[in-house]
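Let's take a walk through a protein chain together, one piece at a time. Have a look at the picture first, and then we will start with a single residue.

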Amino acid sequence: MTTESDNPCLTCGACCAAFRVSFYWGEAEERGLPERLTEPVQRWFACMAGTNQARPRCVALQGEVGGPVACTAYAQRPTPCREVEAGDDKCRQARALHGLVPLEPANSPDNSQLSWPHPA
C-alpha cells in the first residue's frame, strides 16, 4: 500500500516551475483560489501568479525544485495542475528542464511505486 510519503511530487515541484498554468478565470472563484495567487492573461483567462514569466515559478510553490516541496493552494488548484500526473509527458518535460531524471508513468508495469493516487 502506498502512502502520501510515497508521492514523488513531494520531492520534485518541477511542473510548478516549468509551464504557464492558465485556466478559465471563473475557475479560480469556483475553487476558492485566492485572488492574490492569480494573474489575468486575457479577457477570459487567468494564470497562477508567477507562471506567466520567461522562467515560470508558481507563487504557491513552497520549497526548491528537486527537494521537499508543497503547494500552498493544493486543495484549490486549477484544472491544469490537477491534470499533471507523476511520469506523464508534462512531468517528464518539466523534470528534464530542471535536470531531474524522468519518472515512469503510474500505469507503467516497470514502476508500480508511482501508483500513488492524486486526489482530485
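In which strand is Thr38 found? Thr38 is found in strand 2. Please keep in mind that everything here comes from a predicted model.

**Starting from Thr38**

Thr38 has a relative accessible area of 19%. Because buried means under 20%, Thr38 counts as buried. If we set aside residues up to four places away in sequence, Thr38 touches Phe23, Ala28, Leu33, Cys47, Met48 and Ala49. One of these, Met48, is also the bridge partner of Thr38 in strand 3.

**The strands around it**

Now zoom out to the whole chain. It has three helices and five strands, and from the N terminus on, the elements run β-α-β-β-β-β-α-α. Strand 2 (residues 38-40) and strand 3 run antiparallel and are joined by three bridges. These two strands form a hairpin, with four residues between them.

Strand 3 (residues 45-48) also pairs with strand 1 (residues 22-24), again in the antiparallel sense and over three bridges. In this pairing, Tyr24 stands opposite Phe45 of strand 3.

What about Trp44 and Leu61? Trp44 sits in the loop between strand 2 and strand 3, while Leu61 belongs to strand 4 (residues 61-63). The table sets out their relative accessibility.

| Residue | Relative accessibility | Counts as |
|---|---|---|
| Trp44 | 42% | partly exposed |
| Leu61 | 9% | buried |

Which residues does Trp44 contact, leaving aside its neighbours within four places in sequence? They are Phe23, Tyr24 and Trp25. Phe23 lies 21 residues from Trp44 along the chain, and the C-alpha atoms of the two are separated by 8.5 Å.

Leu61 touches Gly13, Cys16, Val69 and Ala70, when residues up to four places away in sequence are not counted. Between the C-alpha atoms of Leu61 and Gly50 the separation is 9.9 Å, and these two residues are 11 apart along the chain.

**The nonpolar core**

How many residues does the largest nonpolar core have? It has 10: Val21, Phe23, Ala28, Leu33, Leu37, Ala46, Met48, Cys58, Ala60 and Ala73. Take Ala60 as an example: not counting residues up to four places away in sequence, Ala60 touches Met48, Ala70, Cys71, Thr72 and Ala73.

For the chain as a whole, 35% of the 120 residues count as buried. Among contacts between residues at least 6 apart in sequence, 54% join residues at least 24 apart.

**A pocket to explore**

Finally, let's look for empty space. Rolling a probe the size of a water molecule over the atoms shows where such space is left. The second largest pocket has a volume of about 210 Å³. Its lining is made up of Trp25, Ala28, Glu29, Leu33, Glu35, Thr38, Glu39, Pro40, Gln42, Arg43, Phe45 and Ala46.

Methods
Residues numbered from 1 in each chain as written. Predicted model: local features only at pLDDT ≥ 70, side-chain atom pairs only at ≥ 80, totals over all residues. Heavy atoms only, no water. Pairing = 2+ DSSP bridges. 1 Å grid on protein atoms, 1.4 Å probe; cavity = no way out; pocket = protein on both sides within 12 Å on 5 of 7 lines; lining within 4 Å. Points joined across faces, edges and corners; volume = space filled by probe spheres on them. Buried < 20%, exposed > 50% of the residue type's maximum accessible area, 1.4 Å probe, protein only. Contact = heavy atoms within 4.5 Å. Core = buried A, V, L, I, M, F, W, Y, C linked by side-chain atoms within 4.5 Å.
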